[in-house]
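Subject: Structure for you, with notes

Hello,

Here is the structure I promised to pass on. My notes follow below it.

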Amino acid sequence: MKKTSITVTEASRNFADCVNRAHYQNVTFVLLKNGEPVARLVPDNERVCVGRDLAEALAKNDLPRTKPERGIVIWKLARKSLKAPADRWR
């Protein structure tokens, strides 16, 4: 997956092109404001595991107290479908 850094101004002027490139070419755009990264435009097929995703997945599944092995299966499925973010601190 290719990453490209562009300014917020440049992204706003070429927004449709950025969206098309993200969708068709799998390009991730890092948006910069005053030289600092402030946001990302990523293709929809790029799944990154964030705490919110994990919390939602766990809330949807009632983990039985009598069968802890089922919880282990759910964790393994979650790990397969979600990948860790490149920057662990974000």
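How many bridges join strand 2 to strand 3, and do the two run parallel or antiparallel? Five bridges join them, and they run antiparallel. Strand 3 covers residues 36-41. Two strands count as paired if DSSP finds at least two bridges between them. Helices (H or I, at least four residues) and strands (E, at least two) are DSSP runs, numbered from the N terminus.

First, the ground rules. This is a predicted model, so local features need pLDDT of at least 70 and side-chain atom pairs count only at pLDDT 80 or more, while totals for chains, interfaces and linings use all residues. Residues are numbered from 1 along each chain as its sequence is written, and side-chain values use heavy atoms, with hydrogens and water left out.

Confidence
pLDDT is the predictor's confidence in each residue, from 0 to 100. The chain averages 80. A score of at least 70 is reached by 72% of the residues. Among the elements, helix 1 (residues 8-13) has the highest mean, 96. Helix 4 (residues 68-81) has the lowest, 71.

Overall layout
The chain holds four helices and three strands. From the N terminus on, their order is β-α-α-β-β-α-α. Of the 90 residues, 19% are buried. Buried means under 20% relative accessible area, exposed means over 50%, and partly exposed lies in between (1.4 Å probe, protein chains only). The chain exposes about 7,500 Å². Carbon and sulfur atoms supply 53% of that area. Areas come from the Shrake-Rupley method with a 1.4 Å probe; for residues, only the protein chains shown count as cover. Take the contacts (heavy atoms within 4.5 Å) between residues at least 6 apart in sequence: 45% of them join residues at least 24 apart.

Three strands make an open sheet in the order 1-2-3, with mixed pairing. Strand 1 and strand 3 stand at the edges with a single partner strand each, so one side of each has no neighbour in the sheet. The twist averages 30 degrees from one strand to the next. Axes here are lines fitted to C-alpha atoms, for helices over the stretch in contact; angles run from 0 to 180 degrees between N-to-C directions.

Strand 1 (residues 2-7) pairs with strand 2 in the parallel sense, over six bridges. Strand 2 (residues 27-33) is mostly covered, with five of its seven residues buried. Strand 2 and strand 3 form a hairpin with two residues between them. Asn-34 sits in that turn and has a positive phi of about 55 degrees.

Thr-4 has Phe-29 as its bridge partner in strand 2. Leu-31 stands opposite Ala-39 in strand 3.

The core
Which residues make up the largest nonpolar core? There are six: Ile-6, Ala-11, Cys-18, Val-27, Phe-29 and Leu-31. Strand 2 gives the most, with three residues. A nonpolar core is a set of buried Ala, Val, Leu, Ile, Met, Phe, Trp, Tyr and Cys residues joined through side-chain atoms within 4.5 Å.

Helix 2 (residues 15-25) lies across strand 1, strand 2 and strand 3. It runs at about 145 degrees to strand 2. Cys-18 is in contact with Ile-6, Ala-11, Phe-29 and Leu-41, leaving aside neighbours within four places in sequence.

- Thr-4, in strand 1, counts as buried because its relative accessibility is 18%. Beyond neighbours within four places in sequence, Thr-4 is in contact with Arg-21, Val-27, Thr-28, Phe-29 and Val-30.
- Thr-28, in strand 2, counts as buried at 1%. Not counting residues up to four places away in sequence, Thr-28 touches residues including Met-1, Lys-2, Arg-40, Pro-43 and Glu-46.
- Ala-57, in helix 3 (residues 51-60), counts as partly exposed at 30% relative accessibility. Its C-alpha atom is separated by 9.7 Å from that of Trp-75, 18 residues apart along the chain.

Best wishes
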